[in-house]
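Dear colleague,

Please find below the structure that I am handing over to you. My notes on it follow directly after.

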Amino acid sequence: MDDKIEQLREAAERLALTLSESGMQRTTARVMTALLFSRQTNMTAGGLCEELKISSGAVSNAVKQLIPTGIIERVPAPGSRRDHYRFREHAWATLMGNQNALLASMGDAAAEGIKVAGEDSVAGRRLAEMQDFYAFMGREMAALIDKWREQYDANLE
């Protein structure tokens with residue numbers, strides 16, 4: 001086997017382990033990193049099964065978790081009846097952009113709590129800080145993603 005291929009697999013497995021230690025399901029992390037580190041543009045579910053030595057059901061479950069996050073996508077493959085997957089372009093910006101929905105939900109939960117607890121209560125003051133924090137993070141995250149995209153696009157030119 002090509003030494004570079006083996007090194008890529010090892011690096012992918014190390015990242016998958018880090019992701020699983022951070023809360024991602026192990027198989028999902030392995031599928032994600034296999035696509036990230038692949039030397040191919042895309043892979044079939046069967047190719048992922050073979051590469052990772054896991055079942056088709058495990059790949060299917062991982063894909064179902066990864067597609068909605070924007071990290072990977074199903075792509076057409078003319079002449080093939082199999083599903084093909086690839087690591088999505090700008091996946092990291094998409095993933096972080098999706099976090100804005102979570103930030104907004106946290107801010108909304110704080111606002112709801114403030115209404116019930118009252119602004120001048122102990123809980124209300126804690127919730128106001130929470131609301132302020134998540135509003136700030138939402139504004140800054142969107143601006144950071146836009147700035148990164150501009151910088152990334154400029155580097156491509």
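At what angle do α5 and helix α6 pack, and how far apart are their axes? The two helices pack at an angle of about 160 degrees, and their axes are 8 Å apart. Axes here are lines fitted to C-alpha atoms, for helices over the stretch in contact, and angles run from 0 to 180 degrees between N-to-C directions. α5 and α6 are therefore roughly antiparallel to each other (angles under 35 degrees count as roughly parallel, over 145 as roughly antiparallel, 65 to 115 as roughly perpendicular and the rest as oblique). Helix α6 covers residues 122-156. Helices (H or I, at least four residues) and strands (E, at least two) are DSSP runs, numbered from the N terminus.

Please note that this is a predicted model, in which local features need pLDDT of at least 70 and side-chain atom pairs count only at pLDDT 80 or more, while totals for chains, interfaces and linings use all residues. Residues are numbered from 1 along each chain as its sequence is written, and side-chain values use heavy atoms, with hydrogens and water left out.

Leaving aside residues up to four places away in sequence, F87 touches M32, L35, L36, I71, I72 and W92, where contact means heavy atoms within 4.5 Å.

In α3, the residues L48, C49 and L52 are buried. Seen down the axis of α3, its buried residues fall within an arc of 100 degrees, so they line one face of the helix; the arc is that of the directions from the helix axis to the C-beta atoms. Among the elements that cover them are α1 (3-21), β1 (43-44) and α4.

Finally, two loop residues deserve mention. Most residues other than glycine have a negative phi. K53, in the loop between α3 (45-52) and α4 (56-66), has a positive phi of about 60 degrees and is exposed, at 70% relative accessibility. H90, in the loop between β3 (84-87) and α5 (91-117), also has a positive phi of about 60 degrees, and is partly exposed at 25%.

Yours sincerely

How values were computed: Buried < 20%, exposed > 50% of the residue type's maximum accessible area, 1.4 Å probe, protein only.
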